[in-house]
Amino acid sequence: MQIYLPTDVGTIKVSLYDHHEVLSHDLVGTSTFNPATDCGAEDVCSFTLKFRSTETVVEEVARLQGRWIRGGALRAHAEECNKRGTFVHFEEETREKSTYKLYSVKAEGIENELFYARNGSVFPASLHGVHWMDQRGTSLRKRGKYEEEPDYKQVCALSAEEVFMHFGEAAWNPKTKCATGVRQYGGSPLSGHWSWLDEGGVTSTQWANGNGWNMKYDFCFRDEEMTFIDVMIRISLSRILSDTLGLPSLFPPHVEVTLPTWLNGVSMKKTKFGWDRLTTIGPSWLRTLIRTTFDSGIIQSVFGMGVGLGEDWPFLSGGMECHYPLLQIVDGHGQRGKYYQDYLEYINNGTSCTTPTFDCQVNQAPGTVVIGRLEPF
């Protein structure tokens, strides 16, 4: 297990549990680690955790080998973990102490700033690099059509203020063919997963609205040829009860549910130009029920921000399947792709509108994007 910790952390108490899928874990033993006394000034050091029984105190029940890494070696190690498909944890399990802050990143040169799945990693090549969510169809309107697929059309004039995402902080499961643990709201202190337009002063209303739900996204290939992805949404049951319904949690924070695809149909279909991003939500009777029963805030917290729902609910009421292009702007070698310049033109286009629409993105800091990263706790 790989875990981010603040560099100035003191003594860390580590608890070892017997894992249960639904019930609370059973505590087996505890140990402690202090980087200052156990590692000194070393940037990389190995240590051993000796777990003692919580019942007998003196009885040693387990040992765990570990490594402490900081400084210049940290980034290289995190990238190596991603290359192997290993997830580096950046939030504590209850999520009560984990807080995130927006950081400004220059739009040009993101290939040198952020983590992303690279060539030679366990991730499929189609997930390598950085992917621009061209939700307003900027590249398509500029070009008139894609040479690779001239018949492709964008459907639904709906958009969120998202910019690009990547899999540089995700894990890869070869058995399920899923890239797991992607976040819209959170990310590690070194990179982050998902970027947004800057409304001015390093702010994003849509990002801030995600504070209460902070879901996990799993990108799972449906077929052996890896041409179709279902974007699965995992939600903590304790968060649903406390944040959405205002009830005390009856479940441990690790107990999560995955929304079925018929309820939240977010998917990606491989194309010659990149990916076709599709969105549907349930059958018509369910959409009607959702629209008449819940307000927009509840739907945002349950279904996430990437859907691009408008205030007048054209997506829900119309029963449409929406499409927009998802374009690889940086490849797994760190080289800029065909649509990188289109992406830069979009980001460099500053606007004066204060409310986002399909025709006007709120971009008060042209040339930059904002991305959420973990703050020390």
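Predicted model: local features only at pLDDT ≥ 70, side-chain atom pairs only at ≥ 80, totals over all residues.

User: Which residue is Cys353 joined to by a disulfide?

Analyst: First the general idea: a disulfide is a covalent bond between the sulfur atoms of two cysteines. Here, Cys353 is linked to Cys360, with an S to S distance of 2.0 Å.

User: Is the link of Cys353 and Cys360 left-handed or right-handed?

Analyst: You read that from the angle about the S-S bond. For Cys353 and Cys360 the angle is -95°, and the link is left-handed.

User: How many disulfides does a search of the whole structure find?

Analyst: Searching the whole structure turns up three disulfides. One of them pairs Cys178 with Cys220, and their sulfur atoms sit 2.0 Å apart. The torsion about the S-S bond of Cys178 and Cys220 is about 115°, so this disulfide is right-handed. Now look at where the two ends lie: Cys178 belongs to strand S11 (residues 178-182) and Cys220 to strand S13 (residues 216-221), so the pair ties together parts that are 42 residues apart in sequence. Cys178 and Cys220 are both buried.

User: What about Cys39: which cysteine does a disulfide join it to?

Analyst: Cys39 is joined to Cys45, with 1.8 Å from S to S. Both Cys39 and Cys45 are buried too.

User: And Cys81, is it buried or exposed?

Analyst: Cys81 is buried, because its relative accessible area is 0%.

User: Let's move on to sheets. What is the order of the strands in the open sheet of four?

Analyst: The general idea is that strands of a sheet pair through backbone hydrogen bonds, either parallel or antiparallel. In this open sheet, the order is S2-S3-S4-S5, and the pairing is antiparallel. At the edges you'll find strand S2 (12-18) and strand S5 (60-69), each of which pairs on one side only. From one strand to the next, the twist averages 30°.

User: How many bridges join strand S4 to S5?

Analyst: Nine bridges connect S4, which covers residues 44-53, to S5, and these two strands run antiparallel.

User: Which residue in S5 does Lys50 stand opposite?

Analyst: Find Lys50, then look across to S5: the residue opposite is Arg63.

Definitions and conventions:
Residues numbered from 1 in each chain as written. Heavy atoms only, no water. Pairing = 2+ DSSP bridges. Axes fitted to C-alpha atoms, helices over the stretch in contact; angles between N-to-C directions. Disulfide = S-S within 2.5 Å. Buried < 20%, exposed > 50% of the residue type's maximum accessible area, 1.4 Å probe, protein only.
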